[in-house]
Amino acid sequence: MIKKIITLLIVFLVGTSYGPPNCNIYKSDENCYKACRKAEKAISYDQGVRKSQEYFDESIALCPNFDYSYYEKAVPYAKRGLIKEWKQMIDKAVEINPREHLLTRGWYHFFFMNNYEAAIKDIDAAGLIIKGDIGYTGDGVYHLNILKALCYKKLGNNKKAIDIIENQLANKSHMGIYDYLHLGVLYLEKKEYNSAIESLNKQESFSDVSEIYYYKALAMKGLMKLDEYKLNLEKAKEYYLKEKTMSNPYRQMIDEIYLVDIENEISIALM
Amino acid sequence: MLKQIKYSPFIILILLISCKNTSDKQSTHLANVGIIPKDESVDDPNFQPCHEDYSLFYYQVDNSDHLYKGEKPAIVKTFDDIKLPAIDQNDGYVTIRFLVNCKAETGRFRVEQVDFEYKDKEFEGELVTQLLEKTKQLDGWLPATREGYKCDYYKYLTFKIIDNQIVDILP
């Protein structure tokens, strides 16, 4: 049940990384005020349906610098595999209002395309504009510094990824759902098994998922603690079958595992 | 045909919106972003959606993380067979969109090819043909359910390509 609620929340949040605009701030410009009202109508329909897209068109026609309508009109394209169309619209939103949209564009480069270079470029560009904390992805799953770390990891720079995550976790106000898991996997890949286990243990109190025990099993294997290796694999499988896993309705997450991964490792453990 | 979807208020609302919108001939937009209308010149005539006017997207269904037997690793494994020569700078993304009907049959395949800036491009060689053929051969799709009833859904696979080699499969 909890997994279903989280899934529904992610579907909603990925679609709307921020809420509808406050139209009152456009009252001094009649056309942009009307454009804002059109955007409000657009988002009252299901995302992507013709009427919604038409209201965004009308909004843009009334006020060609109304960035929100470009951004929001683009979202269903990204979610449905039409990335060229998304890019044309989000670029326009970024051109008008980079402070508001660079981070979202960077997140989408990562989230929908695994385009790590482009994601880092946008997050860094946003960092030059935004003073202070750059904040979280629209779905709230990652702080954008953590997202950048994951991009570096996928580009093969694990050291930089660890440095960024450690630095971010040192911030007392930081909260992340899977940060310690990713850090643990990074240490595991460096064969620093005790650091990996320490980090994976911390992950349990943030989001207690099957992946923790799968990767902990691999760390135990590295330490030649074979009983704990097997016990953690069993726990990983038990959690998996109860659907206590990393999960996202849109895509495979970084470090997400599947039942076949656990079962293959169990076969190795039984040899 | 509609036997498999009961008339929940949510579904009736969607159908009403769809009926109203399809009457507007002037619009440049499809009834919904990402739907794939039938094209008799390219589509398999034997493939039929269960509900022509009602389909969801893969992330909207109740079993969004269980839509293929063996999950994503089984899909990835299918494409491991593809062996292609390295072609310098044959880079970018190939996206194949398609419809899975309530019987888990697939059809209406559409291909988009873009570079890393997401601009149109045409990949060299046999890559796209092979990706499309393999995608059509995938036979482990599972019916999607929404509120307990089977429905049609749109799905896509995006292949990240560097030097003519598959380096990633999304989503």
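## A walk through chains A and B

Let us start with A:Lys154, which sits in helix α8 (residues 144–154) of chain A. Please keep in mind that this is a predicted model. A:Lys154 has 17 C-beta neighbours inside 10 Å, so it counts as partly exposed; the cut-offs are 20 or more for buried and 12 or fewer for exposed.

Now to the inside of the model. The largest nonpolar core has 105 residues, and A:Ala74, A:Leu147 and A:Tyr215 have the most contacts inside it. Domain 1 (19–96) and domain 2 (177–270) of chain A each give this core at least three residues. The centres of those two domains of chain A, taken over C-alpha atoms, are 42 Å apart.

Leaving aside residues up to four places away in sequence, A:Leu147 touches A:Trp107, A:Phe110, A:Ala119, A:Ile123, A:Thr137 and A:Tyr142. Just after α6(A) comes A:Asn114, with a positive phi of about 50°.

Chain B is next. Its secondary structure consists of three helices and seven strands, and from the N terminus the order is α-β-α-β-β-α-β-β-β-β. Chain B has 171 residues, 24% of which count as buried. If you take the contacts in chain B between residues at least 6 apart in sequence, 74% join residues at least 24 apart.

How do the two chains meet? Here, 34 residues of chain B are in contact with 28 residues of chain A. The elements of chain B in the table each supply at least two residues of the side that touches chain A.

| Element of chain B | Residues |
|---|---|
| α1 | 9–22 |
| α2 | 71–80 |
| β2 | 92–100 |
| β3 | 106–114 |
| β6 | 153–162 |
| β7 | 165–170 |

Which of these gives the largest share of the side of chain B that touches chain A? That is β6(B), with four residues. By residue class, the side of chain B that touches chain A divides into 15 nonpolar, 10 polar and nine charged residues.

Key: Residues are numbered from 1 along each chain as its sequence is written. Chains are lettered from A and ligands numbered from 1 in the order in which they are written. This is a predicted model: local features need pLDDT of at least 70, side-chain atom pairs count only at pLDDT 80 or more; totals for chains, interfaces and linings use all residues. Two residues are in contact if their C-beta atoms, placed from the backbone, lie within 7 Å. Domain bounds come from an automatic or database domain assignment. A nonpolar core is a set of buried Ala, Val, Leu, Ile, Met, Phe, Trp, Tyr and Cys residues joined through C-beta atoms within 7 Å. Ala, Val, Leu, Ile, Met, Phe, Trp, Tyr, Cys and Pro count as nonpolar, Asp, Glu, Lys and Arg as charged, and the others, Gly among them, as polar.
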